[in-house]
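These are my notes from looking through one model, entry by entry. I wrote them down in the order in which I looked things up.

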Amino acid sequence: SGTTRPVRILKYVQRCANSGDVLSVISAIDAYCSKVEWAMNVGDEKGAILDAVVLETRPRYVLELGTYCGYSTLRIAHLLAPGARLITLEMNPHYAQVAIEMFRHAGLDAQVELLVGSSSALIPQLRKKLDIEKFDLVFIDHWKVSYLPDTKLLEECGLLKAGSVLLADNVTCPGAPDYLQYVRNSPRYQSQYFPARLEYLQVEDGVEKSVFLG
Ligand SMILES: O=C(NC/C=C/[C@H]1O[C@@H](n2cnc(C(F)(F)F)c2)[C@H](O)[C@@H]1O)c1cc([N+](=O)[O-])cc(O)c1O
Ligand SMILES: [Mg+2]
């Protein structure tokens, strides 16, 4: 039909979730994607791991690679302290528009800064463009082949400091083997794996938390 999957998810949220209530938006997305059609949101099980890492990190500056419908953006934004900044990168303008509408429905559009473009174009501009020195937390959930090159780009651009936390989705399914090998074998990272099911399915996945040591 004429709509895209993100648009169908957004319409369901706008119809069924209470506006201004981020938790009802999050559960509406999970309800739709578990009952009606699967979508690549981090989901509730891995989302709870993301929540725990956000709460323990108490980040002031957060970067997300891969906004899609904004599900994980909302989970993160909901747990940030006032004054913290959440930057999310999306290269598909259509997905970006859906995400902005999703943030509006949740009442969090003022809490999130969404940039549209490729990571290779945007990451080198972040310091100058956004006046951000370093990120305390990076949630990586975009193209799996981009995890490693973009992590190296974040290092080269001086956007990580000792203690910066990288949390990567899907390191088991679909998998990011070169990224895993890098963060698990580099002396510059302390890495830890959290097994969890792939969103909305009985398939094994997991997230990798890697602390940059400087
Ligand atoms: O392919 C998956 N995810 C790819 C996710 C891709 C999303 O990240 C955006 N992006 C690309 N580059 C940038 C940047 F940063 F450059 F701006 C942003 C893309 O436009 C898309 O919205 C995936 C697949 C499965 N699965 O089970 O197949 C499960 C999952 O959880 C997944 O995340
Ligand atoms: Mg994912």
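Predicted model: local features only at pLDDT ≥ 70, side-chain atom pairs only at ≥ 80, totals over all residues.

The buried residues of α8 are Tyr147, Leu148, Asp150, Thr151, Leu153, Leu154 and Glu155.

Next I looked up the metal site, where the magnesium ion (ligand 2) is coordinated by Asp141 and Asp169, each through OD, and by Asn170 through OD1, at 2.0 to 2.1 Å. Along the chain, I found that the donors of this magnesium ion follow the spacing D-x27-D-N. I placed Asp141 in the loop between β4 (135–140) and α8, and Asn170 in the loop between β5 (160–168) and α9 (171–175), so the pair ties together parts that are 29 residues apart in sequence. I also checked the cover of these two residues, and both Asp141 and Asn170 are buried.

My last entry concerns the surface, where Trp38, Met40, Leu201 and Val203 form a nonpolar patch with about 310 Å² of accessible area together. Why did I record Leu201 as partly exposed? Its relative accessibility is 37%, and the label of partly exposed applies because that class lies between under 20% for buried and over 50% for exposed.

Definitions and conventions. Residues numbered from 1 in each chain as written. Chains lettered and ligands numbered in written order. Heavy atoms only, no water. Patch = residues over 30% accessible without salt bridge, like charges linked within 9 Å, V, L, I, M, F, W, Y side chains within 5 Å. Areas by Shrake-Rupley, 256 points an atom, 1.4 Å probe, with all protein chains shown as cover. Salt bridge = Lys/Arg side-chain N within 4 Å of Asp/Glu carboxyl O. Buried < 20%, exposed > 50% of the residue type's maximum accessible area, 1.4 Å probe, protein only. Helix = DSSP H or I, 4+ residues; strand = E, 2+ residues; numbered from the N terminus. Donors = N, O, S within 2.8 Å, 3.2 Å for Na, K, Ca; no water.
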